[in-house]
Amino acid sequence: MNLDFVPESTRAASLGALMKGAGYLVRFLPLPQPTLLVGPGSSGRLGAAVAGFGHRKILIVTDKVIAKLGLLKSLTDALTAGGTEYVVFDEITPDAPIPLIERGIEFFKEHECDALVAFGGGSSMDAAKAIALAVTNPKPLRQLAGYFKGLRAPMKIYAVPTTAGTGSEVTVAAVISDPERESKLVIVDPRLVPKMAALDPVLMTGLPPAVTAATGIDALTHAVEAFLGQWATPYTDDMALTAVGLIFENLRTAYCEGANLEAREKMSLASTYAGIAFTRANVGYVHAIAHQFGGKYHTPHGLANAIVLPHVLRWSLPAVTERLALLAVRARAGNEDEDEETLAGKFLEAVDRLNADLGIPLHLAALQEADIPALARAACHEAHTGYPVPRYMTVAQCEELIGQLLPPTAAAERDESAPASRRSPGRNSPARKSPARKTAARKGATGTGPARKTTAAKKATPRKTPR
Ligand SMILES: NC(=O)c1ccc[n+]([C@@H]2O[C@H](COP(=O)([O-])OP(=O)(O)OC[C@H]3O[C@@H](n4cnc5c(N)ncnc54)[C@H](O)[C@@H]3O)[C@@H](O)[C@H]2O)c1
Ligand SMILES: [Fe+2]
């Protein structure tokens, strides 16, 4: 929807009214929620429960890393003990590309399965969801993208997340990628919510620190965007605020001490609560922009969100100062007796500090200046056709925001050739002002190279990774 020709105030008012209307509808839409099994060993308990449901054969959808790490064992042992047959499809790669999902659909049919266990990060879980819907609605996957495009209900899905980030175990969405069109597609259907999910922290102890960081900030972004958007309800607020509190309390520990089961379990709960919040209240510009980076440059989803989040928060600040102040209190970045503006500023700084401590770069190394107009157009289209954002931006404003993510050399080249109005933000730009950003800059963190070493990063226990 190109609305740039409409004056900003009219556009904001009409889109705002439209999104508010949609929000009231969503509020009354009954969304299923899975039975949750939580704690060490819960993936085995899920296997035992699923074995009791009398399925003929289960398809476990996962990726090779997870299969090689032996993470399926508790689940498969329990299925075998319960006398239920299963087959494993472990070909999914990050962002669930369509051709691999098509292979999964064939595999499901070939083995005459009748239910699925989605086992892995968001990529494996969403691939499983897409397979489940496509086998009962045989049409090209691209035609299943969008809202309620499948006539028939998907096959039954059970979920075991192995990252604490996407919340896909409780959401109505499956995000897949279309390598041909360099884009991401979202399939939305309440029947995609798994029937049961296990949050088993034992599976997450070997998650590499960089993936822990990126997926953790994905969960934070879900909670924050759900809390700031126009579809927020008291229920989603509770979920989002609890998630924000848990993330600020536990993400640094999960990042530095991967084997800390308590931090891992709390992060997986946070991710699920954030999922419950955003599957009702939706997301915003951070996701709209991050999806374009994922489609174009294969930037990991959580990392893309983490880089974009501080900029969108600064853009949204005037419209949501009071809400940001509430987030600051929950993140323990300030006290209730401080004024709203101070608190809102403190939340922005707390996000900067968290990003810096987790080694999140300030810039997107892959970003090309020439791509920015198309990326901004696509991001605004995605946001303005689906997300209840608290403050609208024009495509030009979105281009400017994305321009701030250019690696410094590219930004400097652009500044030399661009008119003053298009230059990247100077020293007084809010995005450059926070103390954490200054510290990171002093340490030479440009985001174009390896993650910076902050105090927390230095403490990180090196862990063997499978890759
Ligand atoms: N359905 C939704 O509601 C929803 C919400 C947000 C994001 N997503 C989508 O989810 C995808 C991203 O998922 P993700 O961030 O969980 O990453 P991912 O599933 O792509 O996994 C990232 C990497 O971590 C590895 N990994 C996963 N678990 C591991 C473990 N326990 N130990 C060691 N390695 C492990 C994987 O093999 C992979 O290489 C994106 O496509 C994103 O768009 C979906
Ligand atoms: Fe996300």
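Biologist: From which domains does the shell around ligand 1 draw at least three residues each?

Modeller: Domain bounds here come from an automatic or database domain assignment, and the shell draws at least three residues from each of domain 1 (8-28 + 207-459) and domain 2 (35-204). This is a predicted model, in which local features need pLDDT of at least 70 and side-chain atom pairs count only at pLDDT 80 or more, while totals for chains, interfaces and linings use all residues. Residues are numbered from 1 along each chain as its sequence is written, and chains are lettered from A and ligands numbered from 1 in the order in which they are written.

Biologist: How many residues surround ligand 1, and which are the closest?

Modeller: A residue is near a molecule if its C-beta atom, placed from the backbone, lies within 6 Å of it; here 32 residues surround ligand 1, the closest being V65, G121, G122, S123 and T171.

Biologist: Which element gives the largest share of that shell?

Modeller: Helices (H or I, at least four residues) and strands (E, at least two) are DSSP runs numbered from the N terminus, and the largest share, four residues, comes from α6.

Biologist: Why is M239 called buried?

Modeller: A residue is buried if 20 or more other C-beta atoms lie within 10 Å of its own, exposed if 12 or fewer, and partly exposed in between, with C-beta atoms placed from the backbone. M239, found in helix α9 (residues 234-256), is buried because 29 other C-beta atoms lie within 10 Å. Across the protein chain, buried residues make up 54% of the 467 residues.
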